[in-house]
Amino acid sequence: MTSLAQTEMPTSYANLRPSLAKRLQYFVKVWGLKSVTTLGFAIVRFLKPPRPEIRPSLLKAYPCRPRLVNRIFIPRSHEPKELLPLYIDLHASGHVLLDAQFDDEYCATFANKFKVLVVSIEYAKAPLNKFPGPTNDVVAIAQAILEDESLPIDKSRVVLGGFSAGGNLSLSAAQMKPLQDKIRGVASFYPVADFSLSSAAKQESRPYRNPKDLDDLKDWGPIWNWAYIPPGHDLRDPLLSVRYAQPDTLPKWIYMVGAEYDMLADEARQTISDLACLDESKRDDSKYGFEKDTYKWTLVRDVRHGFTHDLMDNPAPDVVAMNKQRMEAMLEDFGKWLFKGPYAA
């Protein structure tokens, strides 16, 4: 599978190749960070194994992607032969880092709280797997999951969702024809939605609490872009920059969440406002949230990118407590939306 057919584009929307010096610098930073995070998480997981209650029910790889192991969470209250709504989860990564295990606590909590079958998909990362590789991984594995007769799936109630890069991939994969009539809804949490905007423009779009308040993503944005996007590619390809996707290529139900102190928040808000055909006059009034027809937007106050997983470096105890409170409130709201929307009987 490949990207949607691309038309001629202004030069300014083509992904420019950095200078050789920049490419060498980005190479060292990306592979250095990948090595550190892989080793670091391996050590942490060895010294402090995950609690039994958040471990997946089973691990499974499919022939379409035999090296990618997916994590399946069956709710404890599941009855034999009972079919369940399916939620397919895509973890955060910058398209470069981490793995599906990173979302275990969220997936286990979600499965048991709402009695939903949750499958956390693994996808191969950049820079070895550049766009549209991760999108194609998600599409292929999602198809395999839906065809897996060993899983108790109610195929009329399927939602695809993810965090950050995973939120981007959920909106990307849902546009692909093999999934268009199989996915009923998409949930996208603080996604990157527009690669055609510069990091500087994104930083200017968010509020700052004080002069020392810096954005966690500001220095890494160009590096992730180099690792993930092929040189010369159209930065407004709707499979890449989901801001430019048309409503008729996406599922009917869309739930999107942004973080107030996140440079990606405004592009996410503009994305769902466009999909919902929200009048320009109403966009400022709906900054912190709106629900129109099958579209819902929430801007979570006082939090930064990655608040659901405490992705900030060494967050203070009061920040961790606030993030947990905001996460729990978001989860409650998301569950209500699911069962009155894409999971409604």
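**View 1. Glu267 in helix H8 of the predicted model.** Glu267 belongs to helix H8, which covers residues 265–275. Its relative accessibility is 3%, so Glu267 counts as buried. The side chain makes a polar contact of 3.2 Å with the side chain of Lys202. Beyond neighbours within four places in sequence, Glu267 is in contact with Val192, Ala193, Asp194, Leu197, Lys202 and Arg243.

**View 2. The open sheet of 9 strands.** The strand order is E1-E2-E4-E3-E5-E6-E7-E9-E8, and the pairing is mixed. Strands E1 (58–62) and E8 (289–292) stand at the edges. Each has a single partner strand, so one side of each lacks a neighbour in the sheet. From one strand to the next, the twist averages 20°.

**View 3. Strands E7 and E9 with helices H8 and H10.** E7 (residues 253–261) and E9 (residues 295–304) pair in the parallel sense over 7 bridges. Met256 stands opposite Trp297 in E9. H8 lies across E7, E8 and E9, at about 170° to E9. Helix H10 (residues 317–340) also packs on the sheet, touching E3, E5, E6, E7, E8 and E9. The direction of H10 makes about 175° with that of E9.

**View 4. The largest nonpolar core, with 66 residues.** Leu86, Ile121, Ile145, Leu160, Tyr228 and Ile254 touch the most other members. Helix H3 (residues 133–146) gives the most to this core, with 7 residues. Leaving aside neighbours within four places in sequence, the contacts of Tyr228 include His95, Phe131, Pro134, Leu169, Phe195 and Leu240. A second, separate core holds 31 residues, among them Phe73, Phe163, Met330 and Leu331.

Key: Residues numbered from 1 in each chain as written. Predicted model: local features only at pLDDT ≥ 70, side-chain atom pairs only at ≥ 80, totals over all residues. Heavy atoms only, no water. Helix = DSSP H or I, 4+ residues; strand = E, 2+ residues; numbered from the N terminus. Buried < 20%, exposed > 50% of the residue type's maximum accessible area, 1.4 Å probe, protein only. Polar contact = N/O pair within 3.5 Å; in protein donor to acceptor, adjacent residues only side chain to side chain. Contact = heavy atoms within 4.5 Å. Core = buried A, V, L, I, M, F, W, Y, C linked by side-chain atoms within 4.5 Å. Pairing = 2+ DSSP bridges. Axes fitted to C-alpha atoms, helices over the stretch in contact; angles between N-to-C directions.
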